[in-house]
Amino acid sequence: RMLFKWLIQLDLRTTAITIPSPADVPRLEGQMRQRMIEDLRAITLLFAANAPEEAKTYLAAAAKENDYHKVKEIRSFSSALAKVAPAEFAALIVASLIERPRKGRSRRDSTGRVLSFADTDYMPPSPAQPPFLDLLDVDPEIGLALIRKLVAAVVDGHAEGKTTQTNGYTIIFDGKRRFFPWVQTYFWTRGQAREYSAASGLMALEAWSQERLDKGEDIQAVLRDILGPEGSCAAYLMIAVDVLLSHWPATRDALVSFMANPDLLANDRVRSRHEVLGLMLFGQKEPNGRIKLGDLAKRLSRQITLEQLVPHYLADDEAGCDLRALLKSAVDALEPFGDDSSFSDPAFMGTYVLNRLDIANWVQVEGGRGYKSPPAEADHLARLEARRQVLVHSSNTEAKIQLATNDPAKGSAEV
C-alpha cells in the first residue's frame, strides 16, 4: 500500500506530493527521476495483488490522465492487474483507444483508422496482445465487454454511424434468424482489420473459445458468448466457424446453421486461400503469451473448409435434413446464377452444395463413393474450366511477349 501511495503521488500529474524528504537530499530531475518512477511503477504493479483497492484507484486515475506512454507500460503488467482490478484495467484500455468524437470531423483520420495512436502498440495483431486473454480468463463478462466495445467503435467509425439491413449474413441461431452486418469485417482475424487492438481482441476471443471447447464446455453456450447480442458484426461469425471446424465432429449439429448460408459457403473458399498465405508479420515481434498466432494456425479450421464436410451430412438424420431444408430455402431466395457464375457466386455455390447433399449424385467408385455432378452442373463447370484455360493461355502468352520484349533472345516464332 505504501508503494501505491508513492506511485500515485509521483506518477500522476494531478496528485500533490506529500512524501517526506530531508531538505539536504538533492532532488532527482529529468531522466533520472523518470527512471526512478518507472522502476517504482514496475515493482508496485507487479505486486498489485497485495493492495487491490489501491491498484483500482491508481488505474482509474491513470485512465483520466490518459498518458500514452504510461498506458503502454501499464499494459505489460496485464496478468497481475486483470486479477485484482479487471473493470478499472478495461476502462483504462478503452480510454486510451477510443477518442471522443471531434465536432465537424470524420470519425476516421487521414489513414482511414478510427482509434487513437495507441492502437499502433497492438502491432502485430495477436491473441497474445494484452490485456484481452487475461481479462477473458479472470472475468469473462468484463473481457467480452471490452472486446465488443472496441469492435463496435471501429465498426461505427468506418460506417460513419450508418446501419445496414442488407450488407451482412443471416443465419438461424437458437431457433431464430440472426443478422450479422458488414461483410467486410468477416476476415478481420485474417489480417484485414486496420485497427490492431480490435483484431487482437477478436483473436483472443477465438483462443479463449477454442480452449473452452477443448475442456468440453457446452457448445451452444460458447457460441452465444462468441456471437454476442443482436447487431454484432460479421467478424464474430468467422470466429464461430473457426471454433466449430476445429472441434469437428462434435460440432456437426452446431455447424448446420453456418453451412446453410450460401454466402458463407462461397466466402469459405476465400478463407482457404487466406490460410495458405497465412498472416505475415513483416519482422514484427509478437508479445509473449499463453496462446500466440502459431497456436491458432495449428487449429483444424486452418486446414479444412465447410465444403469439405458436406459428405458428412448425406444421412437422413436431423442434421442432414435440417441442412438440406435450410440451404434450399436460402438458395430459393436468391436470384438464379448466371452463365458466368463461379464458386464465388452464392447462388451457384449454394446450388452446388445442394447437389452434393443429394445422395442420388453419389456413385460407387473404387474405395467408396464419389460425387458426380448432374448434367446441368457438369456443363456449367466445363464452361468455367474452358474459360479458365483461355485466361491461363492468354496470361502465359502476355508473359512470353513481355519477356521477349525485354530480351529478344528469349523470343520465338510462336510468340
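In the predicted model, C321 is partly exposed, its relative accessible area being 34%, whereas C233 is buried, with a relative accessible area of 3%. A search of the whole structure for disulfides returns zero, where a disulfide would require a pair of cysteine sulfur atoms within 2.5 Å.

The protein chain contains 17 helices and four strands. Of its 415 residues, 45% are buried, and its accessible surface amounts to about 21900 Å², with carbon and sulfur atoms contributing 54% of that area.

Helix α3, which comprises the 14 residues 52–65, extends 20 Å from its first C-alpha to its last, a span close to the 20 Å expected at 1.5 Å a residue. The buried residues of this helix are A55, Y58, L59, A62, A63 and E65; because they cover an arc of only 160° around the axis, they are placed on the same side of α3. The face of α3 that is turned away from this buried side carries E53 and K64, both of which are exposed. Just after α3, the backbone at N66 adopts a positive phi of about 55°.

Technical notes
Residues numbered from 1 in each chain as written. Predicted model: local features only at pLDDT ≥ 70, side-chain atom pairs only at ≥ 80, totals over all residues. Heavy atoms only, no water. Helix = DSSP H or I, 4+ residues; strand = E, 2+ residues; numbered from the N terminus. Expected span 1.5 Å × (residues − 1). Buried < 20%, exposed > 50% of the residue type's maximum accessible area, 1.4 Å probe, protein only. Arc of directions from axis to C-beta. Areas by Shrake-Rupley, 256 points an atom, 1.4 Å probe, with all protein chains shown as cover.
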